[in-house]
Amino acid sequence: MSNLDQIAKLAGFSKATVSRVLNQSPHVSHETRTKILKIMQEMDYVPNRNAISLSKGQTLQIGIITSTINEIVLAFLDSFVEIAGQYSFQTIIYTSGEDKKKELQAFEDLKRKRVDALVIISCVNDTDLLSTYCKYGPIVSWQRMEHTDIHSVAMDQYEGYMLALQHLIQKGYTRIANAFGRPSSINTQSRQRAYEHIMSEHNLPILQHWNHSSIYNIRDGEQVVRDLLQRRDEFPEAILCANDYVAVGILCEARRQSLSVPEDLAIIGFDNTELAHTMGITTVQNPIMGQAQNAFFMLSPQLIGRQMELHSLEYSLIERTTT
């Protein structure tokens, strides 16, 4: 007699009912589920994941693609792994290091049914190429996409950047610099549009030589301050940052250079990480957890057979001591 048969006999239910509990079917009463799970625990029963996958016609695995893993990516990963796990899905992380061939391995695994779905955090291949894999399984992206076949959970950072700019102008800052991220990204382009729009709206100078691109981390932020100080006769009053880690670098280097924050230089980060809280940095709250959960919800029709309602998300400004 198999373990599954034994559990069914002890519980007083059919083998099909035990299988439904293993597969987390909603068509089992709470009392029945509790009784069967208690017997499984007493028997120290460990389900055969491969057998479950075969019975459901799924691998119960979702691939997550990212060029690198940093603190901000980790926040998305943690949230997605948690919500996926609640529905018995495991995750496989594909780190490409911006290698196009390495990145495509994840899409080939989708094609070969080694994973049931893909989540793109960041990618380097052309989206026209990546969209050809949509016929093999659902794909959702946190990176903003221009291709309509790949749905994205990303929020328009134009809105978040506008909040930061409006905050600075209300505080009386008029000479505002930017430390942007990847120049080609849609997020960076949205931030540039927000900056140009609100500065023009308030008849304030748009000084491109104060703008820096490809600024990603603490060390990059430190270098931005050193570069700005090369033209001390024309120094900005405030700077908006690609993320909180850039803001930390700018804050630390500003203090080393005997600049007072926010008197000599106001600083705003982005994402509202724990580090921004610790360092007292004004920042934009980016609801990363909600976007990660929405990524799973967008995959849900094909993964669990039902559409789940997406979170309604918005940015907010968190004012601290750097402004």
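What percentage of the 323 residues of the protein count as buried? The share is 49%, where buried means under 20% relative accessible area with a 1.4 Å probe and protein chains only. This is a predicted model, in which local features need pLDDT of at least 70, side-chain atom pairs count only at pLDDT 80 or more, and totals for chains, interfaces and linings use all residues. Residues are numbered from 1 along each chain as its sequence is written, and side-chain values use heavy atoms, with hydrogens and water left out.

The protein has 13 helices and eleven strands; these are DSSP runs numbered from the N terminus, helices being H or I of at least four residues and strands E of at least two. Its C-alpha atoms fill a box of roughly 85 × 40 × 30 Å along the principal axes. Of contacts (heavy atoms within 4.5 Å) between residues at least 6 apart in sequence, 66% join residues at least 24 apart.

Now to the sheet. Four strands form an open sheet in the order S7-S6-S8-S9, with parallel pairing; two strands pair if DSSP finds at least two bridges between them. Strand S7 (211–212) and strand S9 (266–268) are the edge strands, each pairing on one side only. Strand S8 (residues 238–241) pairs with S9 in the parallel sense over three bridges, and leucine 240 has isoleucine 268 in S9 as its bridge partner.

Helix H8 (residues 157–170) lies across strand S6 (176–179), S8 and S9. Helix H8 runs at about 165° to S8, with axes fitted to C-alpha atoms, for helices over the stretch in contact, and angles from 0 to 180 degrees between N-to-C directions.

Key. Buried means under 20% relative accessible area, exposed over 50%, partly exposed in between (1.4 Å probe, protein chains only).
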